Amino acid sequence: MPANKFTQDDLRVRLHVQLGFVLALGLHTGPITKERVAKRIEQMLTDTDVEEFIESIQIVNLELENGTVLAAREAS
């Protein structure tokens, strides 16, 4: 494959997706742990379309399958 020719099948896009949730865990159900929060989020995603929770999407990088980086966001 010439260096300047590629198809969308050759391209990998890495995204950062930020989700936002309001969780109701209850006051008398024990400590709030990562496991409890993860389980509640999993239940919410199962019961609702995930699109409702997406707050932002950022492209982190674009690279070819051969590892050539075409564009990348600088670390902040």
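Author: Helices (H or I, at least four residues) and strands (E, at least two) are DSSP runs, numbered from the N terminus. This is a predicted model: local features need pLDDT of at least 70, side-chain atom pairs need pLDDT 80 or more, and totals for chains, interfaces and linings use all residues. Residues are numbered from 1 along each chain as its sequence is written, and side-chain values use heavy atoms, without hydrogens or water.

Reader: In what order do the three strands form the open sheet?

Author: Strands of a sheet pair through backbone hydrogen bonds, either parallel or antiparallel. Here two strands count as paired if DSSP finds at least two bridges between them. The pairing is antiparallel, and the order is S1-S2-S3.

Reader: Which strands stand at the edges?

Author: An edge strand here has a single partner strand, so one side of it is left without a neighbour in the sheet. That applies to S1 and to strand S3 (69-72).

Reader: By what angle are neighbouring strands of this sheet turned against each other on average?

Author: Axes are lines fitted to C-alpha atoms (for helices over the stretch in contact), and angles between N-to-C directions run from 0 to 180 degrees. For this sheet, direction is ignored. The average is 25°.

Reader: Which residue in S3 is the bridge partner of Asn61?

Author: S1 and S2 pair over nine bridges, and in S2 Asn61 is the bridge partner of Arg14. Three bridges join S2 to S3. In S3, the partner of Asn61 is Ala72.

Reader: Which residue takes a positive phi in the hairpin of S2 and S3?

Author: That hairpin has four residues between the strands. The phi is near 95°. The residue is Gly67.

Reader: With which residue does Glu63 form a salt bridge?

Author: Side chains of opposite charge can pair when their charged atoms come close. The criterion is a side-chain nitrogen of Lys or Arg within 4 Å of a carboxyl oxygen of Asp or Glu, and the whole structure holds one such salt bridge. For Glu63, the closest N and O atoms are 3.6 Å apart, and the partner is Arg12.

Reader: How many residues apart are Glu63 and Arg12?

Author: The pair links distant parts of the chain. Glu63 is in strand S2 and Arg12 in strand S1. They lie 51 residues apart.

Reader: Which residues does Glu63 contact, leaving aside neighbours within four places in sequence?

Author: Contact means heavy atoms within 4.5 Å. The list for Glu63 is Asp10, Leu11, Arg12, Thr68, Val69 and Leu70.

Reader: Which strand gives the most to the nonpolar patch?

Author: Patches are made of residues with over 30% relative accessible area and no salt bridge; like charges are joined within 9 Å, nonpolar side chains (Val, Leu, Ile, Met, Phe, Trp, Tyr) within 5 Å. This patch covers about 700 Å², with Val13, Leu45 and Ile59 among its residues. Strand S1 (11-19) and strand S2 (54-64) each supply at least two. With four residues, the top contributor is S1.

Reader: What is the relative accessible area of Ile59?

Author: Ile59 is found in strand S2. Ile59 is exposed, because its relative accessible area is 53%.

Key
Areas by Shrake-Rupley, 256 points an atom, 1.4 Å probe, with all protein chains shown as cover. Buried < 20%, exposed > 50% of the residue type's maximum accessible area, 1.4 Å probe, protein only.
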